[in-house]
Amino acid sequence: MKSKLSTTCDFLFRYRFVIAFFIFVLCVLFEISGSSIGMWCSYFGEEDKDILFGVSRPIRSDEWAVFTPMGMSQYYNYSGSFPYFSDTVRACPTDVFLEYGQAVKNPLVVFRPFYWGYLFLPVAKGMSFFWCGRLLALLLVSFEFGLLITNKRKLLSLTMAIMIAFAPPVQWWFANTGLVEMLIYMQLSVLMLQKYMTDSRFAFRLLYLFVIVICAGGYVLTFYPSWMIPFAYILLALALWVFIENLKNCKMRISDWLSIGVSVLIFAVSMIYFYHMSKETIRSLMATVYPGSRFETGGGMLNLLFLYITNIWHAVLGDGALVNVCESSYFIDFFPVCWILPVLALLRSQKKDMLLQFLLFVSAILGIYCVFGFPKTLSKISLLSNCQATRVLVALGFCNVLLLIRTLSQPCSVCSSSVLKSVAGSFVTVFIAVQACKTLNTGFLYKNKVILFGTILTFFVLYFCLLSFKSKRRFVWISGTIAVTLFSSLLANPVRHGIKSVENISVLKTWRETHLQKPDAKWLIENCDYPITNSGLLIGIPAINSTNVYPNLDRWHLIDPERKYETVYNRYAHISMKLEEVPAASFDLLNPDWFSCTLSISDAKKLGVSFVMSNRKLFSYIYSGDMTLLAEANGFYFYKINEVAVPMEILGDELPSFEPTETSFPYFIDSENISSRAISLAGWAYHENDDCDVYIGIEDKTFKAQKVHRPDVKEAFCLENDTQGFSATIPLESDLQSYTLYLVNNSKKEIYRKTISISKSDDLDELFSNAVDVE
């Protein structure tokens, strides 16, 4: 009689697709995702309340500061939602289908099924569709593929599925490099090829062909050669194995050949259409200084083959042994045991396993490239010249996992029956691995004794069980490997419920309201660095210095006509810009993917900029009339660039002829800056929900202040509108002792006044503690 555990496992196996579907639906309904988008809350001084568990990862800025904001901008694009060429990114037509692969309303999106949710769901549910759909698909496809290469050994297949889906590089690079899609499409296409060759029903063969075409197109459109090419070697080996194994029993009809021909034609036409749409983007990318066209020869990765033993601490520490945790992440493939065991299996077996031979051959090619490198000619012929060795190492790790699982599923025993030999082999392997990692980063494993001895003990046990893969040790290795893999990366990404905290950021809400006054206008984000320069993408703001995923040379030539700085801005780049009174614009390269630009207000106008968002008060431009302050929120200011300088309106000593009263009114002076030339004031004042204007009286002159949107005041006092803010920069002819604040009530036709003395105190709360009358 079956045990309850066995019955439960059988139930889960039988209904795995149905269960996965219901989990997927629930995740989408509850807006579950793994995005670190909550990092924006910390940048704007607010709290992220959407995380269920885990933490947002600052290091994943490619996801939360570029990829996800670009995806959200597709909803708000002013010329129409989900365009192939966005008007929001870079504030000029930008190919977002190729670069960072966003959802678009174009037939080619059929090759990106995980993006379909964005097209018909709200943004938070679209994100959930993307994140949860890919993870569940990768788990299911990897499990099915495991069943294929292990001859339907369920426990080994489950182990392989977890080793792949929760591999450190998969989780730390989960969102925006196409790695997840590559793993899904390559395994699924091989599964469909096997189904096609073993199922003679024509209707089903058409279905298998359709899926293969989707997989092929999706794989190509990941457009990340550093991984596409080495993974293609593995894909070729797997497909060749399936083809040879099933060739004898595969019966082909004329209708089958015709359907294959049509499928190839559809794929070819689709890729030609893609090239037609994106050819200019590809040319621009190839002509950049960075990343430009690479020519790699590999080599120097020997010690990195053992770096996987440090990966078990990545999620806990949020750090890695190399430059960062992402660059330090590799498949936990148990090298070199993953090579030793299949070699022994081939040597001891009379019937040589074809798949082991193919995978060993590919693993050897990739391993030689990573460790020793190739001559230039061979690198070019093999196409690996387009691949960094650190990226090829990830593909090698995946290949090694397949090698290991295939070997363990073989009927012949390749594991040692001698406990002493297994102990000795485990000790030597752990010693070599620890020493290799020590040469890469002495401080990582030796941070404390728990990390060092925890690593040594964990992998000693796993190596021992692997080298003596029998009975109870088999179960220990399987359960231990699953536990180690999950511990290493299960919390690499947070588990998030919706994005309300980001949508409610006060700065973004105020900015969006200001932008809607002229939605097609271009913005410049001033005096801010990345990632703030990309914050506008979250709400569809077309900013010229949002991440330039490829350069707009024509734009920069407008302020650099002699092309003096072209090598600086001809690149993928994050861009910091600062307005200064300079005779000519200048550019400085700060990092390979980051440059700064200092320019004048006239240069900004040449670039077509109409509005500015800044983290500082640009009083000199307000005083000169070049800018008008439109709104302020939480230390960020939103300005309009005036086409023609409009100096502040001077009304003489005449106020509107309303009734002067002694009525008090709530107000506050947020800032007061005095120089020998001018006084600059910013604050708020109101009277109930009446229509009011603020005037500043200095000596015998009266100045009308500019209205500023203040949603914080509106919310605090439950008002109907948010125009209670004011800003004024007023010229001075002599030392100033005091000024008068007038609130002109246009609704009641009354004037209220308050005389304010100038203080030298820098403490605003103390400065106005007696003068301010706030309800």
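In which loop is Pro-336 found? Select Pro-336: its place is the loop between H13 and helix H14 (337-348). Helices (H or I, at least four residues) and strands (E, at least two) are DSSP runs, numbered from the N terminus.

Before moving on, note that this is a predicted model, where local features need pLDDT of at least 70, side-chain atom pairs count only at pLDDT 80 or more, and totals for chains, interfaces and linings use all residues. Residues are numbered from 1 along each chain as its sequence is written, and side-chain values use heavy atoms, with hydrogens and water left out.

**Stop 1**

A cis peptide bond joins Phe-335 to Pro-336, with omega about 5°. Now select Phe-334, in the loop between H13 and H14. Its phi is near 60°, a positive value in a residue other than glycine. Most residues other than glycine have a negative phi, and most peptide bonds are trans. Phe-334 is buried, with a relative accessible area of 0%. Buried means under 20% relative accessible area, exposed over 50%, and partly exposed in between (1.4 Å probe, protein chains only).

Next, pick Tyr-530 and Pro-531. The peptide bond between them is cis, with omega near 15°. Pro-531 lies in the loop between E6 and helix H24 (553-557).

Then go to Glu-31. It is not a glycine, yet phi is positive, about 55°. Look for Glu-31 in the loop between helix H2 (16-29) and E1.

**Stop 2: strand E10 and its partners**

Select residues 609-614, strand E10. Six of its six residues are buried, so the strand is largely enclosed by the rest of the structure. Two strands pair if DSSP finds at least two bridges between them. Strand E6 (residues 522-526) pairs with E10 in the parallel sense, over five bridges. Lys-522 has Val-609 as its bridge partner in E10. E12 and E10 run antiparallel and are joined by four bridges. Find Met-613 and look across to Phe-638 in E12, which stands opposite.

**Stop 3: aromatic rings**

Rings of Phe, Tyr and Trp (its six-membered ring) pair if their centres lie within 6.5 Å; planes under 30 degrees apart count as stacked, over 60 as edge-to-face and the rest as tilted. By this rule there are 54 aromatic pairs. Select Tyr-369 and Phe-374: this pair is edge-to-face, 5.2 Å centre to centre, with 80° between the planes.

Trp-523 lies in strand E6 and Phe-638 in strand E12, so the pair ties together parts that are 115 residues apart in sequence. Trp-523 is buried, at 0% relative accessible area.

Next, show Arg-112 and Phe-97. Arg-112 lies over the face of Phe-97, at 4.0 Å from the ring centre. A charge sits over a ring if NZ of Lys or CZ of Arg is within 6 Å of the ring centre and within 35 degrees of the ring normal.

**Stop 4: helix H21**

Select residues 471-489, helix H21. Its 19 residues reach 28 Å from first C-alpha to last, close to the 27 Å expected at 1.5 Å a residue. The expected span is 1.5 Å times one less than the number of residues. Its buried residues include Trp-477, Ile-478 and Gly-480.
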